[in-house]
Structures are given as C-alpha cells and as structure tokens.
Amino acid sequence: MAGVVREEGFLAFYKGALPAVARQVLNSGLALFCYKPIRDYISKPSGGADGSATAPLHLKLAAAAASSAGGQFLSNPMDVLKVRLQSDGQRRLRGQEPLYRGVVHAFQMTMREGPKTFFRGCVPASLRSAVVGGTGLACYDQAKDVVTARFGLSRGSIVTHIACAGISGVVTSLVSTPLDVVKVRMMASRKSGQAGMTSVIRGIIATEGPLALMKGFAPTYTRLGPWQFVFFLVNEQVLARISGEWF
C-alpha cells in the first residue's frame with residue numbers, strides 16, 4: 001500500500017473506479033429489477049396487510065441467483081475494463097510503461113482484441129455472482145418475512161430494514177469467504193496443470209483444516225457489511241417513492 005502511494009499517489013487506489021461504478025450500477029440494478037418480478041411470479045399471495053408475496057426459500061434463492069448471474073453477465077465488459085486498469089498499476093511499480101491512458105483508451109485497446117474479450121471470465125464471475133449476490137438478495141427477503149411474522153414489524157419499518165440488512169451481510173460474508181479463498185489460491189498458483197476447484201478445496205482442508213476456508217472473513221464482512229446496509233436501505237426508500245411498495 002505504501003509503495004502504491006509513493007509511486008503513483010493516493011488516487012491510484014481509485015484506478016478503475018469509473019468502470020467499477022458502472023459495473024455495479026448495471027449489475028445490481030439488473031439483479032434488483034429482475035428479482036422482484038421473478039419472485040412475485042413464482043410466489044403465491046400471502047394475503048398480508050401490505051400485499052406482500054411469499055415464496056419458499058429455495059425459490060427465492062433460485063430467482064436471486066438467476067437475477068444476479070444475468071446482471072453479472074451483462075456487466076462483464078465493465079469488469080474486464082476495471083481489472084485491466086487496476087492491474088496496469090503493477091506495471092508502474094515494476095518500472096514499466098502503463099498500457100492504458102484511461103478508461104476510453106482501455107476500451108479502445110480491448111476492442112482491438114475483439115468483442116469476445118469483454119466476456120472473458122464471465123462464466124466463473126457469473127457463477128460467483130449467482131452464489132454471493134443471490135444469497136444476499138434471497139437472505140434479505142427471507143429475513144423480512146421472518147422478522148415481520150415473528151415480531152409484528154412492518155415491511156416498511158426502518159428497524160426491519162436495518163435488522164435484515166445486517167443478517168444478509170453476515171450470511172453473504174459467510175458464503176463469500178470460502179469462494180474468495182479458493183479463487184485466490186487458484187489464481188496465485190504457479191504450478192503447471194492447474195488443479196480444479198474441488199482439488200483445491202480438498203488440499204486446503206487436508207493441509208490447513210476446514211477453518212482455513214474462512215480466512216479473511218473479518219475484512220470480507222468489513223467490505224460487505226456496510227455495503228449491504230447502504231444498498232438495501234437506499235433501495236427500500238427509492239422503491240417506496242417510485243412504486244409505493246416495499247421490497
């Protein structure tokens with residue numbers, strides 16, 4: 001971190017911020033836009049006072065996973081630009097000339113490799129988004145059903161939103177951490193004949209124990225926890241003002 005600040009300045013931490021924001025808006029926006037109609041379509045009216053609809057947890061997970069995966073697939077070009085711009089900083093640290101002068105230049109250079117380049121890595125990225133993003137959406141929705149039923153709170157209550165966002169943040173971090181550990185191990189490996197995901201998981205458990213899959217939970221929650229609070233609380237208020245309904 002000190003080397004980055006010394007060589008490139010504090011703003012180097014925000015390289016790729018523009019495509020990262022664009023990717024998040026497109027990804028999360030599409031996931032939210034698609035999830036509720038799918039959920040409501042496969043749900044039966046609950047007859048609740050606020051007209052909400054309920055569905056079994058496994059159907060919520062399916063709807064959320066499909067929505068999140070679709071959002072990631074369509075936003076993958078932004079992800080590719082973000083990763084390339086951020087990785088470009090490593091060249092400076094090695095004393096090499098950067099490949100890109102900015103977002104537009106990165107887009108132009110990537111286009112020269114062909115449109116398919118923008119969808120490199122979309123399959124594992126979409127699968128991860130289906131698991132992590134899908135868990136976050138479905139868990140928040142399920143938590144709202146449980147909290148409102150057991151404690152008599154309204155779906156529009158700020159207390160409900162805060163409690164459910166907190167639950168969603170913890171569960172999402174628990175699900176995300178093992179996936180991130182395995183992903184990093186696979187990407188960092190320099191061995192020829194890269195082992196598959198199952199082999200990597202077995203190797204970690206055999207040599208370090210099952211808890212090794214949870215390494216990094218604290219920083220993961222530090223990132224995802226606040227994000228879940230802001231994401232769902234803002235979404236609830238925007239949705240209520242646009243449609244008069246709650247999530």
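## Salt bridges, a buried threonine and a pocket

A search of the whole structure finds 11 salt bridges, a salt bridge being a side-chain nitrogen of Lys or Arg within 4 Å of a carboxyl oxygen of Asp or Glu. The structure is a predicted model, in which local features need pLDDT of at least 70 and side-chain atom pairs count only at pLDDT 80 or more, while totals for chains, interfaces and linings use all residues. Residues are numbered from 1 along each chain as its sequence is written, and side-chain values use heavy atoms, with hydrogens and water left out.

The protein chain contains 8 helices and 2 strands, where helices (H or I, at least four residues) and strands (E, at least two) are DSSP runs numbered from the N terminus. Along the sequence, the pattern reads α-α-β-β-α-α-α-α-α-α. Of the 247 residues, 36% count as buried; here buried means under 20% relative accessible area, exposed means over 50%, and partly exposed lies in between (1.4 Å probe, protein chains only). The chain exposes about 14,300 Å², with carbon and sulfur atoms supplying 67% of it; these areas come from the Shrake-Rupley method with a 1.4 Å probe, and for residues only the protein chains shown count as cover. Among contacts (heavy atoms within 4.5 Å) between residues at least 6 apart in sequence, 70% join residues at least 24 apart.

The side chains of R39 and D141 meet at 3.0 Å, N to O. R39 belongs to helix α2 and D141 to helix α5, so this pair ties together parts that are 102 residues apart in sequence. Both partners are buried, R39 at 3% relative accessibility and D141 at 0%.

A salt bridge also forms between the side chains of R84 and E113, at 2.7 Å from N to O. Since R84 lies in helix α3 (residues 57-93) and E113 in the loop between α4 and α5, the pair ties together parts that are 29 residues apart in sequence. R84 counts as buried at 16% relative accessibility, whereas E113 is partly exposed, with a relative accessible area of 42%.

R128 and D180 form a further side-chain salt bridge (3.0 Å, N to O). With R128 in helix α5 and D180 in helix α6 (residues 158-188), parts 52 residues apart in sequence are tied together. R128 is partly exposed at 27%, while D180 is buried at 15%. Salt bridges that share partners also join R39, K60, D141, D145 and R155 into one network.

T117 sits in the loop between α4 (103-111) and α5 (122-151) and is buried, with a relative accessible area of 3%. Leaving aside neighbours within four places in sequence, T117 is in contact with V80, R84 and T110.

Finally, the second largest pocket holds about 240 Å³ of space. Its lining consists of L32, F33, K36, P37, N235, V238, L239, I242 and F247. By class, the lining has 7 nonpolar, 1 polar and 1 charged residues; Ala, Val, Leu, Ile, Met, Phe, Trp, Tyr, Cys and Pro count as nonpolar, Asp, Glu, Lys and Arg as charged, and the others, Gly among them, as polar. On a 1 Å grid over the protein atoms alone, a pocket is an open set of points where a 1.4 Å probe fits, with protein on both sides within 12 Å along at least five of seven lines, and lining residues have an atom within 4 Å of a point. Grid points are joined across faces, edges and corners, and a volume is the space filled by probe spheres set on the points.
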